[in-house]
Amino acid sequence: TLCATDSTLYWTDAGNCQVLNWQVLDNAGASVPFSGDGNDTIRVHWGTSPFGTVSLTADDCGAPICTHPVTITVPIIPPTADINGPEEVCRYETATYTAPKWPGVHYDWQVTGGIVVYNSGSNLISVYWNSPTLDTGIITLHYYSEFSGGLPGHDSADCAGTASLMVLIRPSFKFINAFDRVECQNASSVFTVTSAPSSDYT
């Protein structure tokens, strides 16, 4: 796992190859700058994307070798990230939220408007939205890597970031006169629900 804006070497043990084609992309598929294309070692200058890929195609080597590209995925800790999950929930509903998963990273989740009912200490939590008054909830996340931040040339702020998500909490409602009696076919029944701040009922 790397820190954002790290500069890193990558190399291959494919020997005596006349053709070495490298490709480096971020998680959006955009090219990432690097030096050394055509050589057995390259230096990549990573940005702030949460992940990247390094691919190599080797051909015309001294010994038979697979010509299919070999690709590795590189986790990168960016200063900001996205939280994925429902952005609109019903009050007293439980929903699951995730952030990108980076090996060796600590995740510190905080929730306003609900309580965390599942937290494995990783990139995934479940939230029970139980606030009786708030119409908006907020999820905040602080993530960091103590190991990467402690390497030479880094400090803790280099390998850490934050994320946040605003969640709309819609009022829940229920049937007031719910009953379970048997009705005849083609009969009519009347049902009433608790009022909600909306004039549209389906």
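Because the model is predicted, local features are reported where pLDDT is at least 70 and side-chain atom pairs count only at pLDDT 80 or more, whereas totals for chains, interfaces and linings use all residues. Residues are numbered from 1 along each chain as its sequence is written, and side-chain values rest on heavy atoms, with hydrogens and water left out.

The structure holds two disulfides, a disulfide being a pair of cysteine sulfur atoms within 2.5 Å. When the bonded cysteines of the chain are numbered in sequence order, the pairing reads 1-4, 2-3. In one of the links, the sulfur atoms of cysteine 3 and cysteine 159 are 1.6 Å apart, and the angle of 80° about the S-S bond makes this link right-handed. The pair connects distant parts of the chain, 156 residues apart, with cysteine 3 placed in strand β1 and cysteine 159 in the loop between α1 (146-149) and β14 (160-170); helices (H or I, at least four residues) and strands (E, at least two) are here DSSP runs, numbered from the N terminus. Cysteine 3 is buried, with a relative accessible area of 1%, and cysteine 159, at 0%, also counts as buried, where buried denotes under 20% relative accessible area, exposed over 50%, and partly exposed in between (1.4 Å probe, protein chains only).

In the link between cysteine 17 and cysteine 61, the sulfur atoms are 1.9 Å apart, and the bond is right-handed, with 100° about S-S. For cysteine 90, by contrast, the relative accessibility is 41%, and the residue counts as partly exposed.

Strands of a sheet pair through backbone hydrogen bonds, in either a parallel or an antiparallel manner. In this model, three strands form an open, antiparallel sheet in the order β9-β12-β11, two strands being taken as paired if DSSP finds at least two bridges between them. Strands β9 (93-98) and β11 (115-119) stand at the edges with a single partner strand each, and one side of each is therefore left without a neighbour in the sheet. From one strand to the next the twist averages 30°, with axes taken as lines fitted to C-alpha atoms (for helices, over the stretch in contact) and angles running from 0 to 180 degrees between N-to-C directions. Strand β9 is joined to β12 (residues 124-129) by six bridges, and the two run antiparallel; in this pairing, glutamate 93 has tryptophan 129 of β12 as its bridge partner.

Most residues other than glycine have a negative phi. Threonine 5 has a positive value, near 70°, and its place is in the loop between β1 (2-3) and β2 (7-11), where threonine 5 is exposed, with a relative accessible area of 58%. Aspartate 60 likewise has a positive phi, near 55°, and lies in the loop between β6 (51-59) and β7 (70-77). With a relative accessible area of 48%, aspartate 60 is classed as partly exposed.
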